[in-house]
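Colleague: Could we go through the strands and helices of this model together, with the criteria stated as we go?

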2 protein chains.
Amino acid sequence: MAVGESVLPTLHPVAGVQLATLSAGIKTPGRADVVVMALAEGSSVAGVFTQNAFCAAPVKLCKQHLPLGDIRLLLTNSGNANACTGEEGLADARLSCKTVAEGFGFTGEQVLPFSTGVIGERLPMERLLPVLPNAAAQLQDDGWSHAAQGIMTTDTRPKGASVQFTHDGELVTVTGITKGSGMIKPNMATMLSYIATDLAVNQSLLQNLLKAATDCSFNRITVDGDTSTNDSNILIATGQLNLPCIEAAEGELYDKFSAALTEINIQLAKAIVSDGEGATKLVTVKVSGANNEEECVKVAYAVAQSPLVKTALFASDANWGRIVAAIGYAGVEGLDDTLVTVHLDDVLIVEKGGRASSYTEEQGAAVMQQEEITIDINLGRGDYSDRVWTTDLSHDYVSINADYRS
Amino acid sequence: MAVGESVLPTLHPVAGVQLATLSAGIKTPGRADVVVMALAEGSSVAGVFTQNAFCAAPVKLCKQHLPLGDIRLLLTNSGNANACTGEEGLADARLSCKTVAEGFGFTGEQVLPFSTGVIGERLPMERLLPVLPNAAAQLQDDGWSHAAQGIMTTDTRPKGASVQFTHDGELVTVTGITKGSGMIKPNMATMLSYIATDLAVNQSLLQNLLKAATDCSFNRITVDGDTSTNDSNILIATGQLNLPCIEAAEGELYDKFSAALTEINIQLAKAIVSDGEGATKLVTVKVSGANNEEECVKVAYAVAQSPLVKTALFASDANWGRIVAAIGYAGVEGLDDTLVTVHLDDVLIVEKGGRASSYTEEQGAAVMQQEEITIDINLGRGDYSDRVWTTDLSHDYVSINADYRS
């Protein structure tokens, strides 16, 4: 089950990025499960990785290779996460990098590896390695859609987003693909995301931009609060346009790119939530009137992760008591319950510490029938606001995760 | 559904405590839903209450009355939580206290009120008030079992525990009752707990003892992480025995009482988890080898609240990857994944950053068939240990909470 339409939008090619999607039969024979992205010389690459202490072997290697610079290849396999595999797993990842690099005349250190799938099992190197030399011959400028499918695991549909804008007569492209069903299956549903632009951007600025865009998108979604051993978000700037390199966080081009990047990240993040396992609703939890960002995020996640709120959403039940209880236990010190208001979309449901006097069950029921809902909470104590996206908690969620066997 | 046997143990009367269970038809006509506990003059009373910012009217009154001392009555109603009811709710609670007190010649300030049930609706005072004058005539020394039933809401069975020990030839009793299905339904499943002893204990020491016992019992259980607007844990010392008042945290009598009190609290807390909605398993998550208590609790709750771990438990799937991922994202700084070990009961499943080489699926499957399971995690970095109790996440949980309408 998934929320909304499943049509992949047009993914515009990005000059300086070519993609090859191969089949190694890592988990399922015949399935496209290996993606190689080749980057033009001089590309800048930034990365944000999982904070999970049990981070996977490829994440460890990415963190080693990225600072060396001159990254030319990204190698992704689905079907096996190469996580919790110890020293052998690291050696497997290293050998994969070296093997794919050889076909291009690069070194293994110029490759960033990514894996997603089952935890705790070694990569089937005997199947993976033989296909890697084929990558160079199969590169395509227009390979984003195939790649979006090649990186899928439990996803029910490929996910991508693409934005173009003009600057000084040049057409700028930002295109991204992602996979994950809401970080709700660490063994199978790692979040991987690759975004590229044909602009030139200073590497440390690129890293800052990626961090900021990740924080307001992928770091604001939750299906069940679990995060994976392999989550990675990568941003590439190939510098293939006739435009100056963006060197500082200022100016019109920076602003345009920053806005496009944020938009792409949010679209990709929402695509993951909408494909959350068993999801029937896409829910935005917005918190305003807080004293700081931390208060916003605490309250938003308390509500967004409450199984009681989520089961009520599944039942299309405007259960304001459960929302209020979650706000109350979020841990905001000195919260004055009489100043808190809660809206479901535009319907005021809570004020002055209880049910709004104007509220009727019919109003709540009407909003709850929608596939997309906003729970809008004002804490009545400050000027900060933020929001997270989540889903409901359905029978299908339990079925998928109880029946699944790693 | 619930885990284990549903037999209420013998609840020994406590000299100085009498109980009356009445029926006001607050939610369901004819149901026993009002409990009055009368305390002997000179009793000490301690209380621990919900931290929820939306705390209910009776909790607010308890916090006002308790410091005044000389508490003589505890008034509990089930079926309506009198929460999120604003000023009117406070007035209702005050009038209830005054009315029940009049039948005994006490003042309203000598009453602690408790409510549990639906959030956001006013108490049906027209049904509640008329039965309160009957309380005095119906008091019984041996009324604990009836009271355990009178305070129930979504509980599938009454819950109580009772311990006796001798000291200097005197038989000391500690008896308690509780209700709640795991704090998983703030609108209906508030945790209420009342424990009494016939010992005499200094009031501030009693408060410290209750706080400590609550922290290692009720504050260590989770079904879904939601906490209620009405949670309360009350400890009464009536001083009816021929033993000196316990004035300080030292000596044999103190040690015996402290141990008995902890035991009672843990029994009651585990009874709540075992009655968790849809629960088919009672799971202890033990964390040792930590640098401090905070690390233990972070990791234990991360595992105990992970929907992925909980659905795997429901499926009797020894999915060590999900446990490891939850440990990894618990937020323990500098955690060395190669030093972490995980046992399922006595079976080593994780070591050196991955699946234990000695582990077989058959070993894990055997443990998973049990109704009670311990997940034993050693972080390999210090000497602290702690544990929490939780349940699995089943289809019934979703059904109960999605179908329930406040």
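Colleague: In which sense do strand β10 and strand β14 of chain B pair?

Modeller: This is a predicted model, in which local features need pLDDT of at least 70, side-chain atom pairs count only at pLDDT 80 or more, and totals for chains, interfaces and linings use all residues. Residues are numbered from 1 along each chain as its sequence is written, chains are lettered from A and ligands numbered from 1 in the order in which they are written, and side-chain values use heavy atoms, without hydrogens and water. Strands (E, at least two residues) and helices (H or I, at least four) are DSSP runs numbered from the N terminus, and two strands pair if DSSP finds at least two bridges between them. Seven bridges join β10 (residues 282-290) and β14 (residues 372-378) of chain B, and their sense is parallel.

Colleague: Which strands of chain B stand at the edges of the sheet?

Modeller: The open sheet has six strands with mixed pairing, in the order β13-β12-β11-β14-β10-β15 (chain B). Each edge strand has a single partner, so one side of each lacks a neighbour in the sheet; these are β13 (354-355) and β15 (384-391) of chain B.

Colleague: At what angle do the axes of helix α5 and helix α6 of chain A cross?

Modeller: Axes are lines fitted to C-alpha atoms, for helices over the stretch in contact (heavy atoms within 4.5 Å), and angles run from 0 to 180 degrees between N-to-C directions. The axes of α5 (residues 203-215) and α6 (residues 252-274) of chain A come within 9 Å, and the crossing angle is roughly 40°.
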